[in-house]
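The sequence and the model come first.

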Amino acid sequence: MTRLLTGAPATDGFRMPAEYEPHAGCWMLWPERADNWREAARPAQLAFARVAAAIAQFEPVTVGVSTAHYSSARALLPGGVRVVEMAHDDAWMRDVGPTCVIDSAGVVRGVDWRFNAWGGLDGGLYFPWDQDDLVASKVLEIERLDRYRAPLVMEGGALHVDGQGTALVTEQCLLNPNRNPHLARADIEDALRVYLGVRTVIWLGLGLYNDETGGHIDDLACFVRPGEVCLTWTTNRRDPQYASSQDAWERLNDARDARGRRLRVARLPSPGPMHLSRREAAGIVPRPGTKARPPGERLAATYVNFYIANGGIVMPLLDPRTDRLAAQRLKLLFPGRRVVGVPGREILLGGGNIHCITQQIPRGLR
Ligand code: KQY
């Protein structure tokens, strides 16, 4: 039995480590719902299995699967991947899993945010979401890590940290009244300080164009190392993404991190633009209360949504015209890691990508 803690991470001496710090392992969930994933989620399951196999080259992977899908998931996933039975509403472990924090002695604990399916009844993507909201506590229980239940709605994909006191977020997401309408910007900054152990919050404006999460940072930009960020970029002035990437570029160049450094900002090319095809849309079973997926809809495609594993980068392959350039840039940005590309379109059709479906557990010293 792990403990439900009454304090808060920063006051207990904990901070959220950056994704590029060492991991004990990675957690994922299994895509199953036919109202979000085409063809009863089979193509998505194959894509998730490839992501799990790619990450498992670098660190242990665990996948949470419902009772109904346990046997087929076990058969599709590599033997080295641990499969555990776990109820869930959809498959976005980044957002429903724990955000782990660590102290100077190497003790790891988890923050269990409130989850409302990216907006609750005011623009959320499905109802109900009660099983998703239990996932973080179940993961922490299996990992034997103590838990803080945070009193605010948040998702792991809505925040990045540099591990040295800086958080990176977007106004579009964190200030959206469909998350924490009772909290002002200063209150949210205070909550990030307390639950992530950061001192400085860098606010970008809008997230990625047509991102159904309402502007998650993990589709727009991420830390590559302390003092360096990579940003999704387009040179096409007519692309609706152009203005928000420009704005993010300016804000990042004006920013100072928690240690007073200016940031280096690297640009990652954009794939596409990519759109949902008629055939893909026809394979989704619409359901009242779940986000509709009309053919022709612009997909929130970005290479920034990669996963940083121990010794590796697992990136989505999205567009043969830009995949190679994006991979080359990531190799330059992460010289000590092997860059592995995994086809990402089927994951993208569900509204996110590799970063959104994974959640790292930091390596502690216990
Ligand atoms: O950006 C993420 N972290 C998650 C994407 C969720 C999409 C839900 N359909």
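V101 stands opposite R109 in β6. The model is predicted, so local features need pLDDT of at least 70 and side-chain atom pairs count only at pLDDT 80 or more, while totals for chains, interfaces and linings use all residues. Residues are numbered from 1 along each chain as its sequence is written, and side-chain values use heavy atoms, with hydrogens and water left out.

Strands β5 and β6 pair in the antiparallel sense over four bridges; two strands count as paired if DSSP finds at least two bridges between them. Helices (H or I, at least four residues) and strands (E, at least two) are DSSP runs numbered from the N terminus. The two strands form a hairpin with five residues between them, and G106 in the turn has a positive phi of about 85°. Strand β5 (residues 99–102) is covered on both faces: T99 and V101 are buried on one side, C100 and I102 on the other. Buried means under 20% relative accessible area, exposed over 50%, and partly exposed in between (1.4 Å probe, protein chains only).

## Strand β7 and its partners

Strand β6 (residues 108–114) runs parallel to β7, joined to it by four bridges. R114 is placed opposite V153 of β7.

Five of the seven residues of β7 (residues 147–153) are buried.

## Overall dimensions

The chain has 10 helices and 17 strands. Its radius of gyration is 19 Å, close to the 21 Å that the globule rule gives for 366 residues, so the chain is as compact as a globular protein of that length. The radius is taken over C-alpha atoms, and the rule is 2.2 Å times the number of residues to the power 0.38. The C-alpha trace spans about 50 × 50 × 45 Å along its principal axes.

Of the 366 residues, 61% are buried. Among contacts (heavy atoms within 4.5 Å) with a separation of 6 or more, 75% are between residues 24 or more positions apart.

## Aromatic pairs

Eight aromatic pairs are found in the whole structure. Rings of Phe, Tyr and Trp (its six-membered ring) pair if their centres lie within 6.5 Å; planes under 30 degrees apart count as stacked, over 60 as edge-to-face and the rest as tilted. The ring centres of F115 and W118 are 5.0 Å apart and the planes lie at 90°, so this pair is edge-to-face. F115 and W118 are both buried.

W233 and W249 form a tilted pair, with 5.7 Å between centres and 55° between planes. W233 belongs to strand β12 (residues 228–233) and W249 to helix α7 (residues 241–254), 16 residues apart. W233 is buried at 12% relative accessible area, whereas W249, at 23%, is partly exposed. Ring pairs also link W37, F48 and W92 into a cluster.

## Loops and backbone geometry

Two cis peptide bonds can be described. One joins F127 and P128, with omega about -5°; P128 lies in the loop between β6 and α4. The bond from G272 to P273 is also cis, with omega near 15°, and P273 is in the loop between β13 (264–269) and α8 (278–282).

R144, in the loop between α4 and β7, is not a glycine but has a positive phi of about 60°. R144 is exposed, with a relative accessible area of 62%.

N310 sits in the loop between β14 (307–309) and β15 (312–317) and is buried at 18% relative accessible area. Leaving aside neighbours within four places in sequence, N310 contacts E21, P22, H23, F58, E59, R337 and R363.
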